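Please examine the protein shown below.

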Amino acid sequence: MLALCGGARAQAGTAIPVPPPAPPARPAELVTGPPEPGPSLDAPRPPERPPELTTPAVKAPEIKPDDTKPAETKASETKPAETKPAEPTPLPPARPPELSGEAALAVTVAAADDTACRQRLERLGARFEPVPALSDGQCGAARPLKITALAGDLALNPPATLVCGAAEALARWATEAQTLAERDLSQPLKGLSLGTTYLCRGQNHDPDAKLSEHAFANGIDVMGFTFANRAVIAVAPLPEGTPEAAFLAHARAKACGFFRTVLGPGTDAAHANHFHLDERERTAGHRLCQ
Ligand SMILES: [Zn+2]
C-alpha cells in the first residue's frame with residue numbers, strides 16, 4: 001500500500017535539476033469537503049438580524065436562561081409553529097398572507113419572530129396587546145403592539161404603538177426613570193406623556209428626508225412626565241440647578257443606554273420640546289446620543 005504513493009517519478013533519471021516533487025494528489029474526501037461559497041454570493045441575503053435578537057445580552061442582565069417558559073399565552077396568533085432551522089443562516093419566518101407586494105418590501109426587517117421579546121416585555125410588567133400589521137407605502141410594521149402601561153402602573157398617555165424592540169427599550173428605560181424620579185424629586189413617576197409613536201413621515205417632518213423611525217413604529221416622542229402629587233414636568237430647556245432640570249438630564253442620559261437614538265432640547269429646534277427615542281440600526285452599532 002505504501003508503494004502507491006508517487007513511486008513512478010523516482011525512476012526518471014534526467015540531468016536537469018529536479019524541482020521539488022509535486023505534492024501528492026489531494027485525497028478525494030478533502031476535495032469534496034466544504035461547498036464552494038461562490039454562487040451563494042449572488043443569492044438573496046437573509047434579512048438583517050432584528051434588534052431584539054442582538055441586544056438583550058447586554059441589556060437584560062436580570063433575565064436568566066432558566067426562566068424561559070413555553071409561549072402558551074402568545075402562541076395562538078397567525079404564525080405557524082416556531083421552527084428552528086439548523087442552517088447557519090436562518091430562514092425568515094413564513095410570510096403572512098397580508099404582507100405581499102409593496103407592504104412586504106416595507107416590513108421585511110421587522111417581520112422577524114418577536115415571541116421572545118414579547119415574553120420579556122410581559123416580565124417587565126408592560127401591559128400591551130398585538131394590533132394588526134401597519135402598512136402605508138414604505139412605512140409600516142409587521143407586528144406592532146399597543147402598549148398602555150408599564151411596570152408600576154406607569155401610564156402611557158396616549159398608548160404607544162411600537163414594535164416589540166422599541167417597546168422593550170421603553171419599558172427598561174421607564175424603570176430607570178421611576179428610580180430617578182424618586183431620587184431627584186422624591187416623587188413616584190405616574191405616567192409618560194407621549195407625542196408621536198407610529199407616523200408615516202420623513203425625519204423632522206421633511207417629506208424629502210429619509211423616513212423617520214416613527215414610520216416603522218420604532219420611535220417614541222416623550223413630551224413630559226406626570227406625577228401623583230406635583231405638576232407635570234414637560235420636556236424643555238429648564239434652568240440648571242433645579243431638581244426638575246436634574247431629573248430631565250438624568251432621564252435623558254439614561255435613555256442612551258436603551259435606545260440607539262436619543263435627541264432632545266439642544267439637539268435642534270425640532271426637538272426642543274420632547275425626547276425623541278428610537279432604535280434605528282446603524283452600521284457598526286453606532287449610536288446617536290445628543
Ligand atoms: Zn420623534
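The following questions and answers treat these two topics in turn.

This is a predicted model, in which local features need pLDDT of at least 70, side-chain atom pairs count only at pLDDT 80 or more, and totals for chains, interfaces and linings use all residues. Residues are numbered from 1 along each chain as its sequence is written, and side-chain values use heavy atoms, with hydrogens and water left out.

Q: Which residues are the protein donors of the zinc ion?
A: Donors are N, O and S atoms within 2.8 Å of the metal (3.2 Å for Na, K and Ca); water is not among the atoms, so sites may look incomplete. The protein donors lie 2.0 to 2.1 Å from the zinc ion, and they are H214 (NE2), D221 (OD) and H276 (ND1).

Q: Are D221 and H276 buried or exposed?
A: Buried means under 20% relative accessible area, exposed over 50%, and partly exposed in between (1.4 Å probe, protein chains only). By this scale, both D221 and H276 are buried.

Q: How many disulfides does the structure hold?
A: A disulfide is counted where a pair of cysteine sulfur atoms lies within 2.5 Å. One of the pairs is C117 and C164, with sulfur atoms 2.1 Å apart. C139 pairs with C200, and C256 with C289. The number of disulfides is three.

Q: What is the relative accessible area of C289?
A: C289 forms a disulfide with C256, which is buried at 17%. C289 is partly exposed, and its relative accessible area is 46%.
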